[in-house]
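Visitor: Could we go through this structure together? I would like to begin where the chains meet and then turn to each chain.

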Amino acid sequence: MATLADSFLADLDELSDNEADVLEEENNDVANMEEDIDGDLADIETLNYDDLDSVSKLQKSQRYIDIMQKVEDALEKGSDISNQGLVLEDDPEYQLIVDCNGLSVDIENEIVIIHNFIRDKYRLKFPELESLVHHPIDYARVVKKIGNEMDLTLVDLEGLLPSAIIMVVSVTASTTSGKPLPEDVLQKTIDACDRALALDTAKKKVLDFVESRMGYIAPNLSTIVGSAVAAKLMGTAGGLSALAKMPACNVQLLGAKKKTLAGFSTATSQFRVGYIEQTEIFQTTPPALRSRACRLLASKATLAARIDSTRGDPLGNAGKTLKEEIHKKIEKWQEPPPAKQPKPLPVPDSEPKKKRGGRRLRKMKERYAITDMRKLANRMQFGVPEESSLGDGLGEGYGMLGQAGSGKLRVSIGQSKLAAKVAKKFKEKNYGSSGATSGLTSSLAFTPVQNRRGLAKVLV
Amino acid sequence: MSYLLPTLTRKKEVDTIIRDTIDKVLVLRFGRADDAVCLQLDDILAKTAREVSKFATVALVDVDSDDVQVYVKYFDITLIPSTIFFFNAHHMKMDSGTADHTKWVGAFHEKQDFIDVVEAIFRGAMKGKLIVNCPLPPERIPKYQLLYKDV
């Protein structure tokens, strides 16, 4: 490992997981590495692969060939329920399933690499296509169909893509800045597409096999979500134990597609849901409850996967109970709310009135508070008879008001707030409607100047 | 209508209900089931019985039964229907501008009228009064003529 290329390769390991890892695994040949790693290694995207084989080695690898062979055999043999021993792990079939899961993840990664390869090559011809078509297999199919064609009206993309995307692709192709590819580059690209499609079919085969064995491997999980979805989940997660280790929120998102925007708004974009969307339970719930159902399904599926990974319930009873639970919960959500009963009236005076406080209330109360004059009139001095209005004890008593020695020289009538307000209102009323005035004149014209100040304060 | 409210025919039943209604107004309607005005009153009582259930109980007494003639005589019930209010076994009187304060003669115009009357009785009773004023305006109070015997 003394060569420069190897030390650069060690750097690569830190940068990118899938590409470098797969390269590491499948490429035992150092010479190959030296061939294609040239120039700037710091940025992995600027790696020039000229040769497809140096990029994707999976199809040639022994492991791949072995497993595919076994899968074909097992598929031909049909489903034989082998009576498994006490420990599942010893069973060769289970081992095969585990390998299949690993392989399907590898195939995924491989497809991504090939997709990158095709994309790099095809960028010269049609750069915008990669942002319009996200899915690698669809992209490969479209590239294969278009080939070197410049005029997209001659190319029939029906069935490969949804019609809206076809339209967008055609429009973009007419204004694209790409040029036709040279023949050898085109050939390589087509080869890469073929390989991608082959890998895709292989993956499908593997998944079918896993699905057929699913009831035997993970009975509880398949009871809840169905064997197809269970197989897909296991495949994407990379094994039953990997699936069991995932938190439920991740399980919910396994297999979620990235949305192609194509200029459409995200306001109507749905919540993110992955393979769980294809389960029967999800499809039969009304759309309003779908997001809740998805979360519920994901959590129960995770529980079932955990039971299965430890072979806690080989017969699948736990799965059945969980499924029942799910059904019951969804039923409950759909129940109408309980009918509203008219409430009887509350007992009178049982709830004390809420008293308000604050500055406003205090100011309001001040207007009706007892004035100083009245306070003095209410009190009397000891041993001193009070004066009264009619004299001689008749009429209203004056109390301490106006008595010598009461400490006050004169009792002035402080400005009573209530009186002021009443006076203002009175003036407004009088001056507001004075005889034959036209509607255009305002009452302000008639109020004396000194009072306008007070009014101005109120108006401001 | 009136099958929703308990109908009392025996003296004992009337006794027990008066004794057992604690801290709630007891509304006893004396009447018969075939009288038109009585039916009107019963309808209103039945509809509001649940609404006032927190502070009132409503019951019907059949005035034709023999057992309760004691009460008919005691309360001097002559006009049908008559409604008598009790609170904690005290007989509550209400001054509604008519001649007889001890009972309410006739039906009510609306459910809300009945609720107002019961609430007034309740408030007065909680304060400790034995006679309360009627909150209804005079046009809402059914008028009747009392026939005095030998007066």
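**Chains, interface and salt bridges**

Guide: The rule finds three residue pairs in polar contact across the interface of chain B and chain A, both residues of each pair being at pLDDT 80 or more. Please keep in mind that this is a predicted model.

Visitor: Which classes of residue does chain B present on the side that touches chain A?

Guide: That side of chain B has five charged residues, three nonpolar residues and one polar residue.

Visitor: How many salt bridges are there between chain B and chain A?

Guide: The count between these two chains is one salt bridge. Arg123(B) and Asp349(A) meet through their side chains in a salt bridge, with an N to O distance of 2.4 Å.

Visitor: How many residues does the contact take from chain B and from chain A?

Guide: Chain B contributes nine residues to the contact, and chain A contributes nine residues.

Visitor: And what area is buried between them?

Guide: About 860 Å² is buried between chain B and chain A, and carbon and sulfur atoms give 62% of that area. On the chain B side, the residues that lose the most area to chain A are Arg50(B), Glu51(B) and Lys54(B), which together make up 54% of what that side buries.

Visitor: Let us turn to the folds. What secondary structure does chain B have?

Guide: Chain B has seven strands and four helices. Along the sequence, their order in chain B is β-α-β-α-β-α-β-β-β-α-β.

Visitor: What about burial and contacts in chain B?

Guide: Chain B has 151 residues, of which 46% count as buried. Among the contacts in chain B with a separation of 6 or more, 74% are between residues 24 or more positions apart. The chain exposes about 8200 Å², and carbon and sulfur atoms supply 53% of this area.

Visitor: And how many helices and strands does chain A have?

Guide: Chain A comes to 21 helices and zero strands. It has 460 residues, and buried residues make up 34% of them. In chain A, 63% of the contacts between residues at least 6 apart in sequence join residues at least 24 apart.

Visitor: What does Lys204(A) pair with?

Guide: The side chain of Lys204(A) meets that of Asp200(A) in a salt bridge, 3.2 Å from N to O. These two residues are four apart in helix 10 of chain A, so about one helical turn separates them.

Visitor: Is Asp200(A) buried or exposed?

Guide: Asp200(A) is buried, because its relative accessible area is 12% and the cut-off for buried is under 20%. Lys204(A) is partly exposed, with a relative accessible area of 48%.

Visitor: Where does Lys203(A) lie?

Guide: Lys203(A) lies in helix 10 of chain A. Lys203(A) is buried, its relative accessible area being 15%.

Visitor: What does the side chain of Lys203(A) make a polar contact with?

Guide: The side chain of Lys203(A) makes a polar contact with the side chain of Glu108(A), at 2.6 Å. Apart from neighbours within four places in sequence, Lys203(A) is in contact with Ser104(A), Ile107(A) and Glu108(A).

Visitor: One more pair, please: how is Asp372(A) joined to Lys375(A)?

Guide: Asp372(A) forms a salt bridge with Lys375(A), and the closest N and O atoms are 3.8 Å apart. Both residues lie in helix 19 (residues 372-378) of chain A, three residues apart, about one turn of the helix. Asp372(A) counts as exposed at 58% relative accessibility, whereas Lys375(A) is partly exposed at 34% relative accessible area.

Visitor: Which residues do salt bridges with shared partners join into one network?

Guide: That network consists of Arg119(A), Asp120(A), Arg123(A) and Glu130(A).

Methods: Residues are numbered from 1 along each chain as its sequence is written. Chains are lettered from A and ligands numbered from 1 in the order in which they are written. This is a predicted model: local features need pLDDT of at least 70, side-chain atom pairs count only at pLDDT 80 or more; totals for chains, interfaces and linings use all residues. Side-chain values use heavy atoms; hydrogens and water are left out. A salt bridge is a side-chain nitrogen of Lys or Arg within 4 Å of a carboxyl oxygen of Asp or Glu. Buried means under 20% relative accessible area, exposed over 50%, partly exposed in between (1.4 Å probe, protein chains only). Contact means heavy atoms within 4.5 Å. Buried area is the accessible area (1.4 Å probe) that two parts lose on being put together, summed over both. A polar contact is a pair of N or O atoms within 3.5 Å; within protein, one must be able to donate a hydrogen and the other to accept it, and residues adjacent in sequence count only if both atoms are side-chain atoms. Ala, Val, Leu, Ile, Met, Phe, Trp, Tyr, Cys and Pro count as nonpolar, Asp, Glu, Lys and Arg as charged, and the others, Gly among them, as polar. Accessible areas come from the Shrake-Rupley method with a 1.4 Å probe; for residues, only the protein chains shown count as cover.
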